[in-house]
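Here are my notes for someone opening this one for the first time. Have the picture beside you as you go through the points.

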Amino acid sequence: MWIKQKTNQLKERYKTDCPYQLAKCLNVHVVFHNLHPEINGYYKYDRRNKYIVINSNLDDKDKKSTCAHELGHVSLHPRVNTPLMRRDTFLSVSKIEREANQFAAELLISDESLLKCQNEQMTMQDIALLHNVPLELVELKCKKLFFVN
């Protein structure tokens, strides 16, 4: 629940849910770089400077969700360098990776929007397309919001 509160505080304070705009507000440098195909991105903290590096070869949807995930590290684990966000990070058992995924889901999919989609009986795939996010984030958000196993 604390992750949802942290995310909502940021969205309320800066009046945006865009991970790129939030990064700018938080003085985080977002850099696009040609990374290995298995790597989506990573977060680096260096002498009070914060960097999110995103694979420039990703499509816009994956760039945005990677930025949101790495912004989760910025907000939740500010002094912990995250080595890499691999393509299979949504299946990660690492506590900090799960927390960053939860942050991304909370940032990119509002409770209100998800409840409206559920009332309209949209599938999770439809919701992912509507919000332009990976299906895994919708599944994670639904699991937390509706306590689905």
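In which helix is Lys-95 found? Lys-95 is in helix α4, and the points below start from there.

Some ground rules come before that. This is a predicted model, where local features need pLDDT of at least 70 and side-chain atom pairs count only at pLDDT 80 or more, while totals for chains, interfaces and linings use all residues. Residues are numbered from 1 along each chain as its sequence is written, and side-chain values use heavy atoms, with hydrogens and water left out.

1. Helices here are DSSP runs of H or I with at least four residues, strands are E runs with at least two, and the numbering goes from the N terminus. Lys-95 counts as exposed because its relative accessibility is 55%; the cut-offs are under 20% relative accessible area for buried, over 50% for exposed, and partly exposed in between (1.4 Å probe, protein chains only).

2. **The salt bridges.** How many salt bridges does a search of the whole structure find? The search finds five, a salt bridge being a side-chain nitrogen of Lys or Arg within 4 Å of a carboxyl oxygen of Asp or Glu. One of them pairs the side chains of Arg-47 and Asp-46, at 3.9 Å from N to O. Arg-47 is exposed, with 71% relative accessibility, whereas Asp-46 is partly exposed at 29%.

3. **Lys-141 and its partners.** Glu-106 forms a salt bridge with Lys-141, and their closest N and O atoms are 2.6 Å apart. Glu-106 sits in helix α4 and Lys-141 in helix α7, so this pair ties together parts that are 35 residues apart in sequence. Both Glu-106 and Lys-141 are buried. Asp-111 also forms a salt bridge with Lys-141, with the closest N and O atoms 2.5 Å apart. That pair links distant parts of the chain too, with Asp-111 in helix α5 (residues 111-119) and Lys-141 in helix α7, 30 residues apart. Why does Lys-141 count as buried? Because its relative accessibility is 1%. Finally, Lys-4, Glu-106, Asp-111 and Lys-141 are linked in a network of salt bridges.

4. **Two loop residues with positive phi.** Phi of Asn-27 is near 55°, a positive value in a residue other than glycine. Asn-27 lies in the loop between α2 (19-25) and β1 (28-33), and counts as exposed at 61% relative accessibility. Gln-121 also has a positive phi near 55° without being glycine. You'll find Gln-121 in the loop between α5 and α6, where it counts as exposed at 71% relative accessibility.

5. **Pro-134.** Pro-134 and Ser-65 are 69 residues apart in sequence, and their C-alpha atoms are 7.5 Å apart in space.
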